[in-house]
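Here's a quick briefing on the chain you're about to see. Take a look at the fold before reading on.

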Amino acid sequence: MQTEITSRGIIHPVRGKRDPHLGPVALMVMLPHELKRLVRESGAVEIPFSETPLYRLYRVEGPTAASPIALAGPFIGAPHAVMGLEKLIVLGARRIWVLGWCGSLQHDLNIGGLVIPARAISEEGTSKHYPLAGDTPRPDPGLNSILAGAIAHSGRESIEGDVWTTDAIYRETPEKVRRFQELGVLAVDMEMSALLTVAAYRSSALAALLVVSDELSDLKWKPGFSDQRLKESTRLAGDLLLDLSKTLAGCNPSERNSMLTG
């Protein structure tokens, strides 16, 4: 596991006096409407905590009373998402799933497609404040493996590969898109490189599932926000990640290790 190489910040994440202690499994949902749906359908209960004005935190009952799952969101952009991740970790989360949207850069990756990030190329400003010893951080291989297996079991296809993370959605220029296309980068998002960096910095496991919401591969913007394929895939992705969260939370340590190591 990669480790931090700089001193602690003057302001650092802490558990407030009235903050809850979370179980080890959490699901971060970037999307407001999908978060609302998951809360409603899972019967999740909102938990007051010290950062409540910035995003919401919920408790979903797991397979046993001792295995609740944290559900948090919505988030937009690297700084906001990292604030949420830091808080989840300090409250006890150690295995974190992420659900979000991305823009396709490749001609054969269409709206509604499912992307499992294998690496994220940073063009955002948050991750550089978490210097790491070693290579570019990657998702937890065990979490990625069981995610890919669960998608295949559902009858859907997914693609695993690199994504490009940017702060500036209005500066996704033709030159940049062409360059990342040539590098084989699948898609663009606004959070992944920072989330992967912070997870590595804090010695926590993180993996994500991104749904293609729009396409840039022809160097023209093709939005799919009202496309039925996006709605169906987002719903599938949310249900799948919540089910995986419950499964992980309900495992004993040996079962969990077996799942994560294959």
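Predicted model: local features only at pLDDT ≥ 70, side-chain atom pairs only at ≥ 80, totals over all residues.

**Strand 5 and its other partners**
- Strand 5 covers residues 95–104, and it's mostly tucked away, with eight of its ten residues buried.
- Strand 9 (residues 205–215) runs parallel to strand 5, and ten bridges hold the pairing.
- Within that pairing, Leu-99 sits opposite Leu-209 of strand 9.
- Strand 1 (residues 25–29) is also parallel to strand 5, joined to it by five bridges.
- Here Met-28 faces Val-98 of strand 5.

**The chain overall**
- You'll count seven helices and ten strands in the chain.
- The radius of gyration is 18 Å, close to the 18 Å that the globule rule gives for 262 residues, so the chain is as compact as a globular protein of that length.
- Along its principal axes, the C-alpha trace spans about 50 × 45 × 40 Å.
- If you take the contacts between residues at least 6 apart in sequence, 80% of them join residues at least 24 apart.

**Burial, surface and charge**
- Buried residues make up 53% of the 262 in the chain.
- As for charge, the chain has 28 positive and 30 negative charges, and their mean positions lie 6 Å apart.

Key
Residues numbered from 1 in each chain as written. Heavy atoms only, no water. Helix = DSSP H or I, 4+ residues; strand = E, 2+ residues; numbered from the N terminus. Rg over C-alpha atoms; globule rule 2.2 N^0.38 Å. Buried < 20%, exposed > 50% of the residue type's maximum accessible area, 1.4 Å probe, protein only. Contact = heavy atoms within 4.5 Å. Lys, Arg positive; Asp, Glu negative; His and termini not counted. Charge placed at Lys NZ, Arg CZ, Asp CG, Glu CD. Pairing = 2+ DSSP bridges.
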